[in-house]
Amino acid sequence: MRTTVLLSSSDSLKSMRMDKQSFTRKYLPAARLAGELYGLNPVVILAQSAIETGWGESVLATLYNNFFGLTGYGVANAYWHGGKTDLDKPDGLLFRRYDSIENSFLDFARLIATVYKQAAAVSHYPAAYAREIAYSRYISEVNGDNREAYCRMLESISRSLVPIVYNLNNEKV
């Protein structure tokens, strides 16, 4: 289970917001690594991270390297060593703290590949992946998530990232 936690939307923060190109350039290596290791499409990994972090600007992402809103429950593993934060919120909900950006992406891919196998199996088809994730227990309507809106957003962002990822993959280094 995960919860999206974004920074406030003050005017000064809006002007600092990372654009799609910058977000993709910065986080594509982590998404690619996680995707290769777990057989997932890095585009859908990036798209889901964009939703969960407000394009990399959430408190969880910027302070705790949690790019998917993953809650701090479950057993520590190779990527998450058990660190948690409560974000000073009174509801008592705990979130995972990661040592690195890469570990957040790897832990997310591990979760999808092992718990959400149907979504993982169709990750190279963003519309199918979006539907599988949106209507799985990954989404919590108790937290106010709207499954259909999440599905549409994930599919739309995935589609918009494809040309950016293609261009970055073909850049001369």
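This is a chat about a predicted model of one protein chain.

Student: What should I know about the numbering and the model before I start?
Tutor: Residues are numbered from 1 along each chain as its sequence is written. The model is predicted, so local features need pLDDT of at least 70 and side-chain atom pairs count only at pLDDT 80 or more, while totals for chains, interfaces and linings use all residues; side-chain values use heavy atoms, with hydrogens and water left out.

Student: What is the mean pLDDT of the chain?
Tutor: The mean is 88, and 87% of the residues reach 70 or more. pLDDT is the predictor's confidence in each residue, from 0 to 100.

Student: Where does pLDDT stay under 50?
Tutor: Over residues 3-15, for which the model has 24 contacts beyond four places in sequence. A contact means heavy atoms within 4.5 Å. Where pLDDT is low, the predicted coordinates should not be read in detail.

Student: OK, how many helices and strands are there?
Tutor: The chain has 8 helices and 2 strands. Going from the N terminus, the order is α-α-α-α-β-β-α-α-α-α. These elements are DSSP runs numbered from the N terminus: helices are H or I with at least four residues, and strands are E with at least two.

Student: And how much of the chain is buried?
Tutor: Buried residues make up 49% of the 173 residues. Buried means under 20% relative accessible area, exposed means over 50%, and partly exposed is in between, using a 1.4 Å probe and protein chains only.

Student: What's in the largest nonpolar core?
Tutor: That core has 46 residues, and Leu46, Phe105, Ile133 and Tyr138 have the most contacts inside it. The elements giving two or more residues to this core are H2 (20-38), H3 (42-53), H5 (101-115), H6 (117-121), H7 (126-134) and H8 (147-169). H8 gives the most, with 8 residues. By the way, a nonpolar core is a set of buried Ala, Val, Leu, Ile, Met, Phe, Trp, Tyr and Cys residues joined through side-chain atoms within 4.5 Å.

Student: Which residues does phenylalanine 105 touch?
Tutor: Not counting residues up to four places away in sequence, Phe105 touches Tyr27, Ala30, Ala31, Ala34, Ile45, Leu46, Ser49, Phe67 and Phe68.

Student: Back to H8. Which of its residues are buried, and what covers them?
Tutor: The buried ones are Arg147, Tyr150, Cys151, Leu154, Ile157, Ser158, Leu161, Ile164, Val165 and Leu168. What covers them includes H2, H3 and H7.

Student: Where does H8 bend?
Tutor: At leucine 161, by about 30°, and proline 163 follows within four residues. The bend is the angle between axes fitted to the seven residues ending at a position and the seven starting there.

Student: What span should H8 have?
Tutor: At 1.5 Å a residue, its 23 residues should span 33 Å, and the end C-alpha atoms are 31 Å apart, which agrees. The expected span is 1.5 Å times one less than the number of residues.

Student: What caps the N-terminal end of H8?
Tutor: Asparagine 146 does, with a side-chain oxygen 3.1 Å from the backbone nitrogen of glutamate 148.

Student: And H2, where does that one bend?
Tutor: H2 bends by about 50° at tyrosine 27, with proline 29 following within four residues. Its buried residues, including Phe23, Tyr27 and Leu28, pack against H3, H5 and H8. Just after H2, glycine 39 takes a positive phi of about 70°.

Student: New topic: is asparagine 66 buried or exposed?
Tutor: Buried, because its relative accessibility is 1%. Asn66 is in the loop between H4 (59-64) and E1. Its side chain reaches the backbone nitrogen of glycine 69 at 2.9 Å. Leaving aside neighbours within four places in sequence, its contacts include Thr53, Phe95 and Ser104.

Student: And threonine 85, buried or exposed?
Tutor: Threonine 85 counts as buried, at 9% relative accessibility. This residue is in strand E1 (residues 84-85), and its side chain reaches the backbone nitrogen of leucine 87 at 3.3 Å.

Student: Last one: what about glutamine 118, buried or exposed?
Tutor: Exposed, because its relative accessibility is 60%. Glutamine 118 is in helix H6.

How values were computed:
Polar contact = N/O pair within 3.5 Å; in protein donor to acceptor, adjacent residues only side chain to side chain.
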